[in-house]
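Keep the structure open as you read.

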Amino acid sequence: MLYRFFDKLDRKSFLHFHIWEFAYRSFFKEYARLFFRKAMLKHPIKTASGLMDYHRFVKSKKNLFPQYQKVLAIPDEETFADQTKKQKKSPLLGLGFCLKPIDPEDSTGSCPSGRANHECIYLEKGETQNICQGCAIYRIAKKSLELRCPVYIMTSAQDIAMDFLLPQIDKKIFPFAILLLCPYSVQAILPSLFICGIDAHLFAYDTGYCKDYKEWRLADLGTKEGRTTLSKESSEKLFELFGSLKNIPEISPQSFNREGNIFYPGE
Ligand code: SF4
């Protein structure tokens, strides 16, 4: 099978790119056509320079594959911290919908806002149900109010392109991001982040994640049974990172305002 060949090219860091298998699998998919047309063709200089930065990034890292499984900062932790402080801009918090609680046997054990969507009653109305107390999205979103970080529940690659990547490459709306996603997506999204000029911290799930393109694509189309979690170590690192961003806001807002699919802490 050809995808095995492209996977080998990734493993061998052929030309210092790790996107061969994903690019091959994505060739005719709607999200790839959209990104190619509205980001790469529309912004050829940003695309060329982003791909060169991505190439240098891959080249400079030894053993990058295990890092896809944990926490990865681009371009690096120091630059991310310096730039967010310098520009006084809170990063977008992108949280996968698969973090939502799910219990196929008992609806009270599942997210009341549904599964593969951008919705959350806490973000929308400030309301919670019992199940929300144990939900990572609730815990992280509460913190994001203090830090004035916009929150985005990530669903499909096409929506991520429309809501987050294209607004950044067109209008520089989200130059910084903290994203929680599966290790496969970490590897796949890196070139787009470089092309769009986004500095990011990427936290990979420890359990429940999609292990290959087939599972990833099913989740991309809205079918995902398992619930993902971060490891204790990554969770601590995430809250440490929040601690380092603390000087950004002056007064914490109490609720979010929704614009499109993004929830912004109110004034
Ligand atoms: S906090 Fe939001 S995402 Fe989490 S269970 Fe409650 S409604 Fe669902």
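## The sheet

What is the order of the strands in the open sheet? The 7 strands run β1-β5-β4-β2-β3-β7-β6, with mixed pairing. Strands pair if DSSP finds at least two bridges between them. Strands (E, at least two residues) and helices (H or I, at least four) are DSSP runs, numbered from the N terminus. β1 (71-74) and β6 (256-259) are the edge strands, each pairing on one side only. From one strand to the next, the twist averages 20°.

β2 (residues 92-96) and β3 (residues 151-154) pair in the parallel sense over 4 bridges. Glycine 94 has tyrosine 152 of β3 as its bridge partner. Helix α8 packs on the sheet and touches β2, β3 and β7 (262-265). Its direction makes about 175° with that of β2. Axes are lines fitted to C-alpha atoms, for helices over the stretch in contact, and angles run from 0 to 180 degrees between N-to-C directions. Contact means C-beta atoms, placed from the backbone, within 7 Å.

## Contacts of Leu95

Leucine 95 touches Ile137, Ile140, Val151, Ile153, Met154 and Leu180, leaving out residues up to four places away in sequence.

## About the model

This is a predicted model: local features need pLDDT of at least 70, side-chain atom pairs count only at pLDDT 80 or more, and totals for chains, interfaces and linings use all residues. Residues are numbered from 1 along each chain as its sequence is written.

Conventions
Two residues are in contact if their C-beta atoms, placed from the backbone, lie within 7 Å.
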